[in-house]
Amino acid sequence: MPETRQAPGSGGVGARSLQPRTPHSIEIEHEELMEDLAHLVGAPGETGAAARTVAEILRPHFEKERALALPPLGILRSLAQGYADGEAQETRALVRDLRRELPAMLEEHQRIGRAVEHLADVAKRTGSADGRAFAEKLRLHAEMEEEILYPAALLIGRFLEEHTDRPPSPSGRR
């Protein structure tokens with residue numbers, strides 16, 4: 001099995017560990033979703049109320065994603081080029097936490113999905129094109145996370161466990 005190596009100029013042994021960072025494109029998508037939701041939260045009547053329910057569930061979920069699920073994706077390009085870039089240890093720890101939290105995060109997706117479905121129903125009934133568009137955009141975003149982003153983060157962790165050097169465990173095994 002191929003081993004990953006340090007990127008040229010990254011320092012190798014004794015190099016400072018780097019924190020993995022969420023890819024910029026994903027950060028922007030999350031920001032846009034939250035901006036769209038903020039617009040709907042300010043809407044009067046049922047649409048605003050339904051949007052507030054989505055926001056109450058979505059905000060803490062996005063925070064958890066930003067902490068655990070998305071940063072490992074930031075080293076994907078480096079890994080594809082064969083480099084660990086000093087982020088392997090921190091990324092492995094994040095992915096271990098993600099594995100532990102993933103069932104709860106998927107349950108949050110179910111709760112968010114139900115709230116978004118209600119928002120879509122209200123938006124359709126009240127003629128809110130913005131509400132319908134947001135509901136579809138968020139539904140597709142959650143689908144992408146479950147089909148691509150979460151599995152990719154887990155695979156990154158598995159790859160790092162199998163292909164990078166790590167400190168010996170207390171039993172002396174790597």
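**Figure 1. Overview of the chain.** Of the chain's 174 residues, 41% are buried, where buried means under 20% relative accessible area, computed with a 1.4 Å probe and protein chains only. The model is predicted, so local features need pLDDT of at least 70 and side-chain atom pairs count only at pLDDT 80 or more, while totals for chains, interfaces and linings use all residues. Residues are numbered from 1 along each chain as its sequence is written, and side-chain values use heavy atoms, with hydrogens and water left out. The chain holds 5 helices and 0 strands, in the order α-α-α-α-α from the N terminus; helices are DSSP runs of H or I with at least four residues, strands are runs of E with at least two, and both are numbered from the N terminus. The accessible surface is about 9,900 Å², and carbon and sulfur atoms account for 53% of it (Shrake-Rupley method, 1.4 Å probe). Of the contacts between residues at least 6 apart in sequence, 81% join residues at least 24 apart (contact: heavy atoms within 4.5 Å).

Figure 2. Leaving aside residues up to four places away in sequence, His-30 touches Phe-62, Glu-65, Arg-66, Leu-70, His-141 and Glu-145.

**Figure 3. Thr-22 in the segment before α1**. Thr-22 counts as buried because its relative accessible area is 12%. With residues up to four places away in sequence not counted, Thr-22 touches Glu-27, Arg-66, Leu-70 and Pro-71.

Figure 4. Of its 15 lining residues, His-109, Gly-113, Val-116, Arg-139 and Ala-142 are the closest to the centre. Helices α4 (88–126) and α5 (129–163) are the elements that give two or more residues to the lining. The most come from α5, with 8 residues. A pocket is an open set of points on a 1 Å grid over the protein atoms alone, where a 1.4 Å probe fits, with protein on both sides within 12 Å along at least five of seven lines; lining residues have an atom within 4 Å of a point.

Key
Buried means under 20% relative accessible area, exposed over 50%, partly exposed in between (1.4 Å probe, protein chains only).
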